[in-house]
Amino acid sequence: MELEDINTIAVLGAGNMGHGIAEVAALAGFDVNLRDIKEEFVQNGYEGIEWSLGKLAENDQISEADADAALDRVTPLVDFEEAVSDADFVIEAVPEKMEIKKDVYGELEEYAPDHTIFATNTSSLSITELSEVTERPEQFCGMHFFNPPVRMQLVEVITGAHTNEDVLDVTEELAEEMGKSPVRVRKDSPGFIVNRVLVPLMNEAAWIVESGDATIEEVDSATKFDMGLPMGSFELADQVGIDVGYHVLEYMHEVLGDAYEPCPLLAEKVEEGNLGKKTGTGFYDYEDGGVDIPTDAGNEDVILRLQAVMANEVGKLVGNDVAPAGEIDEAVMLGAGFPEGPARMADDAGLSTLLETLESLHEETGSERYEPADYLEDAPRSAASPTRKMTKASSSRPSASRSPVRWSDKSSSTAHTA
């Protein structure tokens, strides 16, 4: 299939992500069938699109005529067959539960035309496992938008074990036609790129507090004001929803093992129903002042610990050929608003320093989450390799025993055999 063959897009699920994706597709000139299981759900989604388009026009980001034309391209539907029978491309955005998604694909296979490409907006679940519910796994991929889709630039385009290359190519072209910046995820791995970096960072922040090594305010001060991230780790968890990150972490724990064991502090918040901003209380109390992060409460130990955990995730992603370092940086900057990507941040801190931090924590605690990735272990020792460009690393704790190497000097990387 070529991009010009895509005329009608079906979006399954009319919640915040679904109706946002539908709006983006309609603004790009595609006819959109927006479907949900109840009339009230799909009408709420349609009204969300109408409101958003109105705001865009009110702020002179689009004309009134363009807003009206985009809304006219959206058809709200409940009947499944009607929604997908003429679709050239389907984007599924139903709740993030494997069994719910599998049920949808069983029904979709029955009614969708043979040529239709299936794409899931999952933020972490296995593309391969979902594709195998269908009779066309080669026409199945991930197309992960970020919330809110109208504003966020990144789309992760994820391959499954069976996905044809031309399906990934046309999905990237479709994302670009929608005004987005696609980043290819080259291997089906839980959390893909952005969540694979952010969720372990959130978990480690919680473990630091759980262990009594720092307070929530001290961790968020380090994250926001020393590391320069857009939000503190706990502030971000509250903004996204503690339950959202926790469920991604549970899935990563199930698939990838004990290195991703959820911190009890996160589990407690979910069990209590204190999920963050949306419930009024999370790590901060939004009914009594909200977020108040001191600007100067961070310390070097917290900073190094968080940087080391992020660097380790980058090492796993690069080493397992999920994505090269440069594209990881691009994805995290676009999808999470980081001023610099995690690979470049690791370079600036010094890979040797971060590796030593992980080794020290692993020896001290025995926890699998501190076990260094093979790729990260090898990187400092590979500095003399002619395949790696070297520069002087910036580190406050240079190691005499290991020569530094910079990941971000190369925009791409060859897979390392772990």
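Modeller: Start with one term: a contact means heavy atoms within 4.5 Å. This is a predicted model, where local features need pLDDT of at least 70 and side-chain atom pairs count only at pLDDT 80 or more, while totals for chains, interfaces and linings use all residues. Residues are numbered from 1 along each chain as its sequence is written, and side-chain values use heavy atoms, with hydrogens and water left out.

Colleague: OK, which residues does glutamate 371 touch?

Modeller: Glutamate 371 touches Asn312 and His362, if residues up to four places away in sequence are not counted.

Colleague: And where does glutamate 371 sit?

Modeller: In the loop between α16 (351-365) and α17 (374-381). Helices here are DSSP runs of H or I with at least four residues, numbered from the N terminus.

Colleague: How far is glutamate 371 from valine 24 in space?

Modeller: The distance is 41 Å, C-alpha to C-alpha, and the two are 347 residues apart in sequence.

Colleague: Is glutamate 371 buried or exposed, or in between?

Modeller: Glutamate 371 counts as partly exposed because its relative accessibility is 44%. Buried means under 20% relative accessible area, exposed means over 50%, and partly exposed is in between, using a 1.4 Å probe and protein chains only.

Colleague: Next one, phenylalanine 338. Where is it?

Modeller: Phenylalanine 338 is in the loop between α14 (325-336) and α15 (342-349). It counts as buried because its relative accessibility is 6%.

Colleague: What is phenylalanine 338 in contact with?

Modeller: Leaving aside neighbours within four places in sequence, its contacts are Leu198, Leu201, Leu229, Pro230, Met310, Val332, Met333 and Met345. Its C-alpha is also 7.8 Å from that of glycine 228, which is 110 residues away along the chain.

Colleague: Why does threonine 171 count as buried?

Modeller: Because its relative accessible area is 0%. Threonine 171 lies in helix α7 (residues 165-177) and touches Phe89, Cys141, Met143 and Val157, not counting residues up to four places away in sequence.

Colleague: Now α11. What length does it reach?

Modeller: α11 has 15 residues and reaches 20 Å from its first C-alpha to its last, close to the 21 Å expected at 1.5 Å a residue. The expected span is 1.5 Å times one less than the number of residues.

Colleague: Which residues of α11 are buried?

Modeller: Ile242, Asp243, Gly245, Tyr246, Val248, Leu249, Tyr251 and Met252. The buried residues of α11 pack against α5 (98-111), α8 (194-210), α10 (233-240) and α12 (264-272).

Colleague: What do the buried residues of α10 pack against?

Modeller: They pack against α8, α9 (216-226), α11 and α12. Those buried residues are Ser233, Phe234, Glu235, Ala237 and Asp238.

Colleague: What happens just after each of these helices?

Modeller: Just after α10, glycine 241 takes a positive phi of about 115°. Just after α11, glycine 257 has a positive phi of about 105°.

Colleague: Last topic, confidence. What does the chain average?

Modeller: pLDDT is the predictor's confidence in each residue, from 0 to 100. The chain averages 91, and 91% of the residues score at least 70. Over residues 383-404 the pLDDT is below 50, and this stretch has 49 contacts in the model beyond near neighbours in sequence.

How values were computed: Helices (H or I, at least four residues) and strands (E, at least two) are DSSP runs, numbered from the N terminus.
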